[in-house]
Amino acid sequence: MDHIAAVEQQMVSERMRRKLDEVNTAAQAQLATVQDHINFTLQQAYFKCAYECFDRSRKQEEISNCVEHCSVPVVNAQQHFENEMAKFQERLNRSLMVCQDKFESAKFQQNNTDAVNELESCVNQSIEDNMKTLPHLVRRMNSSFNISA
């Protein structure tokens, strides 16, 4: 690969990294209400519930069981959130791998500039397609957690 192609590929890589940063920022912004619900509403309910568990008339095991019972909603919500985000990330990664595979094939069939441009176009389309799923993901989680948006 000549110097110009290497510089061009580096520039495309930097643009793709910025694009992925945009996805991350957009996901965090759109999912802020869900995170807020888990981190504040459910955590607050957990601590209130756990506080009530500490009663001198209870045995240590009863207190532990009570506190553990209180943690179930917040733990379940956090796991659900993490699972949904992992699925989103997995879908994005798979679509980006398809772009990478197309790029690897194209490098041998056409000049490097065309292959790099096709890679960038493919990545942009994949990111756009995945970002379009974020509002649906947010609605689904809001519904799961009974968050009125």
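## Buried cysteines, to begin with

A residue counts as buried when its relative accessible area is under 20%, as exposed when that area is over 50%, and as partly exposed in between. By that rule, C53 and C66 are both buried. Please keep in mind that the model you are looking at is predicted.

## The overall fold

Let's start with the whole chain. The protein contains four helices and zero strands, and reading along the sequence gives the pattern α-α-α-α. Three of these helices will come up again below: α2 covers residues 32-53 and α3 covers residues 60-109, while α4 covers residues 112-144.

Along the principal axes, the C-alpha atoms fill a box of roughly 80 × 30 × 20 Å.

## Contacts, burial and surface

Of the 149 residues in the protein, 32% are buried. If you take the contacts with a separation of 6 or more, 75% of them come from residues 24 or more positions apart.

## Three disulfides and their pairing

How many disulfides does a search of the whole structure find? The search finds three. With the bonded cysteines numbered in sequence order, the pairing reads 1-4, 2-3, 5-6. Here they are, one by one.

## Two links between α2 and α3

The sulfur atoms of C49 and C70 lie 1.9 Å apart and form a disulfide. This pair links distant parts of the chain, with C49 in helix α2 and C70 in helix α3, 21 residues apart. The link is left-handed, with -65° about the S-S bond. The two cysteines can be sorted by the burial rule: C49 has a relative accessible area of 28%, so this residue is partly exposed, and C70 counts as buried because its relative accessibility is 6%.

C53 and C66 are also joined by a disulfide, with an S to S distance of 1.9 Å. C53 lies in helix α2 and C66 in helix α3, so this pair ties together parts that are 13 residues apart in sequence. The C53 and C66 link is left-handed, with -70° about its S-S bond.

## The link between α3 and α4

Further along, C99 and C122 form a disulfide with sulfur atoms 2.0 Å apart. Because C99 lies in helix α3 and C122 in helix α4, the pair ties together parts that are 23 residues apart in sequence. The torsion about the S-S bond is about -80°, so the disulfide of C99 and C122 is left-handed.

Are C99 and C122 buried or exposed? C99 counts as buried because its relative accessibility is 1%. C122 has a relative accessible area of 18%, so this cysteine is buried too; the cut-off for buried is under 20%.

Technical notes
Residues are numbered from 1 along each chain as its sequence is written. This is a predicted model: local features need pLDDT of at least 70, side-chain atom pairs count only at pLDDT 80 or more; totals for chains, interfaces and linings use all residues. Side-chain values use heavy atoms; hydrogens and water are left out. A disulfide is a pair of cysteine sulfur atoms within 2.5 Å. Buried means under 20% relative accessible area, exposed over 50%, partly exposed in between (1.4 Å probe, protein chains only). Contact means heavy atoms within 4.5 Å.
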